[in-house]
Amino acid sequence: MGMVQQDNEDKKEYLNSYYYLTLEEKRISDRIGYLTSLLAGSAVQYSLAPKTPNPNRDLSDDFVAIEGEIERLHKKRRQAISRYREIENAIERVTDKNEQEILKARYLECMKWKDIVTRMSYTYQHILRLHGSALHHFSVPKSKDVIECD
């Protein structure tokens with residue numbers, strides 16, 4: 001595989017991580033919502049929960065544990081948002097608007113090539129040429145490696 005082709009593959013992997021970051025952020029948000037509802041409806045929730053085997057344990061221990069988990073998840077969510085915003089900003093730095101539109105459609109909206117062709121009213125071959133040019137003009141931020149979800 002040539003140097004340019006490998007560089008383009010690395011760029012595509014970086015851009016494709018956007019999808020997984022948005023999924024991760026959604027899962028985390030759902031989990032935060034669930035845990036928050038446990039705290040809000042704690043009397044009902046805890047009356048239905050299995051009893052703790054330790055009679056010396058107070059419900060406040062559970063509240064503290066849940067609050068700690070919520071804070072940990074908020075931090076993870078902020079990291080995911082920061083990482084996918086970085087990808088959005090990197091796409092915005094591509095100066096050609098057609099190239100930018102193709103990158104957004106393909107990687108942010110997860111559109112198929114045929115749908116991008118329809119949206120932009122170009123031939124399939126021209127869309128692929130523009131995509132190649134967009135990748136050439138796209139730069140992965142230097143401070144970041146390819147992003148993978150936890």
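This is a predicted model: local features need pLDDT of at least 70, side-chain atom pairs count only at pLDDT 80 or more; totals for chains, interfaces and linings use all residues.
Of the 150 residues in the protein, 31% are buried. The protein exposes about 9800 Å², of which carbon and sulfur atoms supply 52%. Among contacts between residues at least 6 apart in sequence, 70% join residues at least 24 apart.

Aromatic pairs were examined next. The structure holds 3 such pairs. One of them is formed by Tyr 14 and Phe 138, with 6.2 Å from centre to centre and 40° between the planes, a tilted arrangement. Tyr 14 belongs to helix 1 (residues 3-40) and Phe 138 to the segment after helix 6 (124-137), so this pair ties together parts that are 124 residues apart in sequence. Both residues, Tyr 14 and Phe 138, are buried; for Tyr 14 the relative accessible area is 0%. Tyr 14 also lies 7.4 Å from Val 140, C-alpha to C-alpha, although the two are 126 residues apart in sequence.

Tyr 18 and Tyr 84 provide another aromatic pair, and both are buried. Their ring centres are 5.5 Å apart and their planes stand at 70°, so the pair is edge-to-face, the angle being over the 60 degrees required for that class. The pair links distant parts of the chain, since Tyr 18 is in helix 1 and Tyr 84 in helix 3 (residues 59-92), 66 residues apart.

Helix 1 also contains Tyr 20, which is partly exposed, with a relative accessible area of 46%. Together with Tyr 19 and Leu 23, Tyr 20 forms a nonpolar patch on the surface, and the accessible area of these residues together is about 280 Å².

Helix 5 (residues 113-120) has Trp 113, Ile 116, Val 117 and Met 120 as its buried residues. Viewed down the helix axis, these residues fall within an arc of 105° and so line one face of helix 5. Lys 114 and Thr 118 are exposed on the other side of the helix. The cover over the buried residues of helix 5 includes helix 4 (97-108) and helix 6. Ser 121 follows helix 5 and has a positive phi, near 60°.

Lys 11 counts as buried at 7% relative accessibility, whereas Asp 7 is partly exposed at 36%.

Arg 119 takes part in a salt bridge with Glu 101, in which the closest N and O atoms are 2.7 Å apart. Arg 119 is in helix 5 and Glu 101 in helix 4, so this pair ties together parts that are 18 residues apart in sequence. A further salt bridge joins Arg 119 to Glu 109, again with the closest N and O atoms 2.7 Å apart. Glu 109 lies in the loop between helix 4 and helix 5, so its pairing with Arg 119 ties together parts that are 10 residues apart in sequence. Through these shared partners, Glu 101, Glu 109 and Arg 119 are joined into one network. Relative accessibility is 39% for Arg 119, which counts as partly exposed; Glu 101, at 25%, is partly exposed, and Glu 109 counts as partly exposed at 42%.

Notes. Residues are numbered from 1 along each chain as its sequence is written. Side-chain values use heavy atoms; hydrogens and water are left out. Rings of Phe, Tyr and Trp (its six-membered ring) pair if their centres lie within 6.5 Å; planes under 30 degrees apart count as stacked, over 60 as edge-to-face and the rest as tilted. Helices (H or I, at least four residues) and strands (E, at least two) are DSSP runs, numbered from the N terminus. Buried means under 20% relative accessible area, exposed over 50%, partly exposed in between (1.4 Å probe, protein chains only). Patches are made of residues with over 30% relative accessible area and no salt bridge: like charges are joined within 9 Å, nonpolar side chains (Val, Leu, Ile, Met, Phe, Trp, Tyr) within 5 Å. Accessible areas come from the Shrake-Rupley method with a 1.4 Å probe; for residues, only the protein chains shown count as cover. A salt bridge is a side-chain nitrogen of Lys or Arg within 4 Å of a carboxyl oxygen of Asp or Glu. The arc is that of the directions from the helix axis to the C-beta atoms. Contact means heavy atoms within 4.5 Å.
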